[in-house]
Amino acid sequence: MAMDLAREAHEDHFPSRRGTWFIKDLGVLCVYNNNPYAGFPSLRDEELAEFRRRMDEEGLQELASAGYPPEGEVDAGYTHAMIVQVGEEKLSWVAVTMGEILRRSHALLERADTESI
């Protein structure tokens, strides 16, 4: 399922770069990211690690994750999708938390850009 959602995010939601969608009948949330950082290859992994740490503190469970395209194909893992078991009451927590993590990354990128001038 995670691979299918990563493929859908890659093929159908690429312009949004990042996002979520709640699958109500399963009570799970897909969190996807179509934005690996070209000049900072480890940054997205660092963002995911921070999100996972905060989910653990919040008592939320990651059920699965996958990258698309699959290993061995061109641009393997360009899109990442994570399935999180979360009730609707926590959807705003996810949005706020991801926003905080992304703002921190953007500040880091701005500092790096300024320092390279």
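This is a predicted model: local features need pLDDT of at least 70, side-chain atom pairs count only at pLDDT 80 or more; totals for chains, interfaces and linings use all residues.
Residues are numbered from 1 along each chain as its sequence is written, and side-chain values use heavy atoms, with hydrogens and water left out.

Let me begin with the sheet. Four strands form an open sheet in the order β1-β2-β4-β3, and the pairing is antiparallel; strands here are DSSP runs of E with at least two residues, helices are runs of H or I with at least four, and both are numbered from the N terminus. Two strands are said to pair if DSSP finds at least two bridges between them. The edge strands are β1 (18-23) and β3, each of which pairs on one side only, and the twist from one strand to the next averages 20°.

Strand β4 (residues 79-85) is joined to β3 by seven bridges, and to β2 by six bridges. Is β4 mostly covered or mostly open? It is mostly covered, since six of its seven residues are buried, where buried means under 20% relative accessible area, exposed means over 50%, and partly exposed lies in between, with a 1.4 Å probe and protein chains only.

Now to the helices that lie against this sheet. Helix α2 packs on the sheet, touching β2 (28-33), β3 and β4, and its direction makes about 0° with that of β4; contact here means heavy atoms within 4.5 Å. Helix α3, on the other hand, lies across β1 and β2, running at about 165° to β1. For these angles, axes are lines fitted to C-alpha atoms, for helices over the stretch in contact, and the angles run from 0 to 180 degrees between N-to-C directions.

The two helices also meet one another: α2 (residues 43-58) and α3 (residues 91-115) pack at an angle of about 145°, with their axes 10 Å apart. The residues of this contact divide into 10 nonpolar, two polar and six charged, where Ala, Val, Leu, Ile, Met, Phe, Trp, Tyr, Cys and Pro count as nonpolar, Asp, Glu, Lys and Arg as charged, and the others, Gly among them, as polar. Among the residues that meet are Phe51 and Arg54 in α2, and Trp93 and Glu100 in α3.

Arg54 and Glu50 both lie in helix α2, four residues apart, about one turn of the helix, and both are buried. Arg54 also forms a salt bridge with Glu100, with the closest N and O atoms 2.6 Å apart. Because Arg54 lies in α2 and Glu100 in α3, this pair ties together parts that are 46 residues apart in sequence. Arg54 counts as buried at 19% relative accessibility, whereas Glu100 is partly exposed at 39%. Salt bridges that share partners join Glu50, Arg53, Arg54, Glu57 and Glu100 into one network, and by this rule the count of salt bridges comes to eight.

Finally, the backbone. In general, most residues other than glycine have a negative phi, and most peptide bonds are trans. Here, a cis peptide bond joins Tyr68 and Pro69, with omega about -5°, and Pro69 is found in the loop between β3 and β4. Asp75, in the loop between β3 and β4, has a positive phi of about 60° although it is not a glycine, and at 51% relative accessibility Asp75 counts as exposed. Arg17, in the loop between α1 (2-12) and β1, has a positive phi of about 65°, and Arg17 is partly exposed at 25%.

Key:
A salt bridge is a side-chain nitrogen of Lys or Arg within 4 Å of a carboxyl oxygen of Asp or Glu.
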